[in-house]
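Subject: Structure handover

Hello,

Here is the structure I said I would pass on. Please look through it beside the notes below.

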Amino acid sequence: MQVHQGPNLSDLSDLCTPWCVHVAATLRIADHIVAGITDIDGLAAAAGCDAGVLHNLLGHLAGKGLFEEPAPGRFALNETAQGLLDPAQRLGLDLDGIGGRFAPAWGTLLAYVRTGKPAYREIFGLPFWEDLDAHPDIAASFDALIGPVGHGAATPEFRITGGWESVRTVVDVGGGTGALLAEILRARPEVRGTLVDFPRTVARSGEIFRAASVADRVTAIGQSFFDPLPAGADLYLLKKVLNNWPDREATAILARCAEAARPAGRVVVLGSVSPDDAPRRLVMEMVLLGGKQRTVSEFQDLAGAAGLEVSAAGQQPSGAFVVECRPL
Ligand SMILES: C[S@@+](CC[C@H](N)C(=O)[O-])C[C@H]1O[C@@H](n2cnc3c(N)ncnc32)[C@H](O)[C@@H]1O
């Protein structure tokens, strides 16, 4: 008899466990345990939920290795459960915040695969960015997730052709709440920066720039990157932006960068392009937004249509895959 060594189909298709993890995170069960509440009635009272159902849920998770149940109806944290105390994990899992958009969005996967178009609005009534516009609390939770609390400290260590010496001005297009721009300016005192993102998002950047002591060298502009961008900067940065958009919109964003960078600026793309032979993967922004991770060849076509020429592309020692473009 052959011994089956591959992954187990039941485990691979289990939806119960991920939902239980999200619910435990949303109810802050780990925090209540750390605060000394360990019995199921106390936990249910603290979390404001049904004790019997919570017991089943935590029992299931303990069986999967998240939490321990040292005595019936008593729960303790193990190392894995300690992860639920991490603010970054909380932001992504919390069903009352952006986690409550990401997790159910997987329910649109069949429609997305069948049509090639995101079906987010079938669940939430609006496309993703418009849904955030309509729900300021969820938008705040998204901004926090992509900011330093969620995604961690930004690293400004990517190389550009000829070095940073010739760069005096940087525009971070779709730069979120400014974490990367703050680190670039902190590392390079001669550089001035402009942050471009939605008004609600750039409004949250002040504290990040002040904490990095760069507030006097930065301008924050709340506008759409589909509108004309501040012109004449040396470098236009697009980090984890183009991978959120189908070809037509990604080309339009690049065209705005090309127009603003002309004649002598350049456009640097991070986190959206992979080597031609990179394995293909399905990730959240594809399901949410119809986004695309592009190979260098695919990106070259897009850049050309936007009036840009790819002048360098490659993996750097930091692991970042960096693409540089010049206006045609
Ligand atoms: C995945 S986040 C990346 C943020 C940042 N560059 C980073 O790497 O952390 C995409 C960003 O695009 C912004 N964005 C989406 N649509 C936009 C638009 N039409 N105009 C300006 N910014 C937009 C979002 O608010 C968000 O900050």
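The shell around the ligand has six nonpolar, six polar and three charged residues. In this count, Ala, Val, Leu, Ile, Met, Phe, Trp, Tyr, Cys and Pro are nonpolar, Asp, Glu, Lys and Arg are charged, and the others, Gly among them, are polar. There are 15 residues around the ligand, and G174, D197, F198, F225 and K239 come nearest; a residue is near the ligand if one of its heavy atoms lies within 4 Å of it.

This is a predicted model, in which local features need pLDDT of at least 70 and side-chain atom pairs count only at pLDDT 80 or more, while totals for chains, interfaces and linings use all residues. Residues are numbered from 1 along each chain as its sequence is written, and side-chain values use heavy atoms, with hydrogens and water left out.

The ligand takes up the space of the largest pocket, where a molecule counts as sitting in a pocket if more than half of its atoms lie within 2 Å of the pocket's grid points. A pocket is an open set of points on a 1 Å grid over the protein atoms alone, where a 1.4 Å probe fits, with protein on both sides within 12 Å along at least five of seven lines; lining residues have an atom within 4 Å of a point.

The largest pocket holds about 1,200 Å³ of space. Its lining has 47 residues, with I146, H151, G174, K239 and K240 nearest its centre. Among the elements that give two or more residues to this lining are α11 (128–134) and α12 (136–146); helices are DSSP runs of H or I with at least four residues, and strands are runs of E with at least two. By class, the lining has 23 nonpolar, 16 polar and eight charged residues.

The second largest pocket holds about 400 Å³. Of the 16 residues that line this pocket, R280, R281, M286, Q293 and R294 are closest to its centre. Its lining divides into five nonpolar, five polar and six charged residues.

Two backbone details remain. The peptide bond from R262 to P263 is cis, with omega near 5 degrees. F67, a residue other than glycine, has a positive phi near 75 degrees.

Regards

Terms used
Grid points are joined across faces, edges and corners, and a volume is the space filled by probe spheres set on the points.
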